[in-house]
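Please look over the chain shown below, with attention to its overall fold and its aromatic side chains. The report that follows takes these topics in turn.

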Amino acid sequence: MSVYSGPVFDMAAQQFGVIADYLAIPFDERDRLLLPKRAITVSCPIHRDDGSVAVFEGYRVQHHLTLGPTKGGTRFAPSVDIGEIAALAIWMSWKCALVGLPYGGAKGGIRVDPALISRRELEGLSRRYMQEMIPFVGPHTDVMAPDMGTNEQVMAWFMDTYSMYQGQTITEIVTGKPVSSGGTLGRREATGRGVAYLARRVLNHLAIDLAGATAVVQGFGNVGSYAALELHNFGLKVIGVNDHTGALYDGAGLDIPALARHAAIHGSIAGYSSELQYDPAEVLTLRCDVLVPAALERVIDENIAENLRCRVLAEGANGPTTPAADRVLDQRQDEIFVIPDILCNSGGVVVSYFEWVQDLQQLFWEEEEVTRREYQILDRAFDLMVKRARQDGVSHRTAAMAIGVEKVRAAKLTRGLFP
Ligand code: NAD
């Protein structure tokens, strides 16, 4: 039992246990690799629009500082707790190491439903959260980014607040900022584009014709909408989409550019069409070539895993598949090609890394260069994962996580234990 205990942290711990057994990591090294270096809880009081004061709880977990600063998103959601944030920080560590970035993992969040507060309250809360975090973060300590419920605007407020306290503009304190405030071209699209790019690579490998292929996307926020748009651009029919407000289905293929425009204006897919409404509970198990979960963690349990009817599971979300579901998917390896989250959605942190590098150097790249370099890194990590999985007869998730864990472990062993 620890302060982190809960369903999401327990899942990250179980996954790590599988990897540690596979790599035969001695037991006395395991806690050092798994447990976060630092966890911060803050109270963020703000003035509500009606003049009252409300206090929101915020968190930041920094998993390890062995390879460089920590890096990770900030989630604003009513379900956020310290265990979930810790799990997300741990996954970030394995992800950054897998793709070769000089970062440890971090994650942060506030327990708030951003849909229930005004824009002015959101700005106040974002600024207060960053102000509370100033002693613990920095461009070479911990660099924040967006995640569920946050966006470029929130990152701009974070950057501005940090900069005001330092007395100079420090764009490299956060990534995922607007391009007008030191952000990079291609970051907004990076995660979804990476998901679609890897899914296409697998479809080509499986000799599935893109023009006749279908896709289903759960979640239509930053990751889901750009993944859907890119799959649509590749010629796939995106037949099903859902978000927290409901689901849409069209066997002939949804008009994804129109749906994306609608969601950008209205904040969700609600109100797009009454004829195309569908049962959200049925979306994940629709027959399709590519299934992209791009919303919450733990949505694919063992029951759903048994009923999946996709050829490629491209995990846009972090932690969408439970360890029990993984055991089912291990049995279905010949039917379903899993692109695990820490690889599949890593385009986001890869381009965040490019943004940090550009901000530090004050030298900005063309979008073409950003995307080309993103795909190069994704291809390299994909090749490593597939080779390792084949060589050792393990799942893609085990192979990907093992590569990440090995890199962190090697750095810890060579650096030694201080003092
Ligand atoms: P977002 O806030 O932009 O979008 C989240 C989407 O999920 C929304 O469409 C929302 O309606 C939907 N959703 C929420 N609850 C749902 C439910 N119960 N059923 C169906 N849909 C639901 O968030 P995002 O940035 O797109 O992040 C989505 C996932 O991708 C998260 O797991 C996040 O950690 C992961 N991720 C994000 C990035 C990034 O760059 N933004 C990078 C890597 C991983």
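Which residues form one aromatic cluster together with Tyr103?

## Aromatic cluster

In this predicted model, Tyr103 forms one aromatic cluster with Tyr353, Phe354, Trp356 and Trp365. A search of the whole structure finds twelve aromatic pairs. For one of them, that of Tyr353 and Trp356, the ring centres lie 6.3 Å apart and the planes meet at 35 degrees, so the pair is tilted, given that stacked pairs need planes under 30 degrees apart and edge-to-face pairs over 60.

Both Tyr353 and Trp356 belong to helix α12, which covers residues 347-361, and they are three residues apart, about one turn of the helix. Tyr353 is partly exposed, because its relative accessible area is 21%, whereas Trp356, at 8%, is buried; the cut-off for buried is under 20%.

## Charges over rings

Two arginines are placed over phenylalanine rings. The charged end of Arg30 sits over the ring of Phe27, 4.0 Å from its centre, and Arg200 lies over the face of Phe234, with 4.0 Å to the ring centre.

## Overall fold

The chain contains 14 helices and twelve strands. Its radius of gyration is 20 Å, close to the 22 Å that the globule rule gives for 419 residues, so the chain is as compact as a globular protein of that length. The C-alpha trace spans about 55 × 55 × 45 Å along its principal axes.

Of the 419 residues, 60% count as buried, and the chain exposes about 17000 Å², of which carbon and sulfur atoms supply 51%. Among contacts between residues at least 6 apart in sequence, 69% join residues at least 24 apart.

Key:
Residues are numbered from 1 along each chain as its sequence is written. This is a predicted model: local features need pLDDT of at least 70, side-chain atom pairs count only at pLDDT 80 or more; totals for chains, interfaces and linings use all residues. Side-chain values use heavy atoms; hydrogens and water are left out. Rings of Phe, Tyr and Trp (its six-membered ring) pair if their centres lie within 6.5 Å; planes under 30 degrees apart count as stacked, over 60 as edge-to-face and the rest as tilted. Helices (H or I, at least four residues) and strands (E, at least two) are DSSP runs, numbered from the N terminus. Buried means under 20% relative accessible area, exposed over 50%, partly exposed in between (1.4 Å probe, protein chains only). A charge sits over a ring if NZ of Lys or CZ of Arg is within 6 Å of the ring centre and within 35 degrees of the ring normal. The radius of gyration is taken over C-alpha atoms; the globule rule is 2.2 Å times the number of residues to the power 0.38. Contact means heavy atoms within 4.5 Å. Accessible areas come from the Shrake-Rupley method with a 1.4 Å probe; for residues, only the protein chains shown count as cover.
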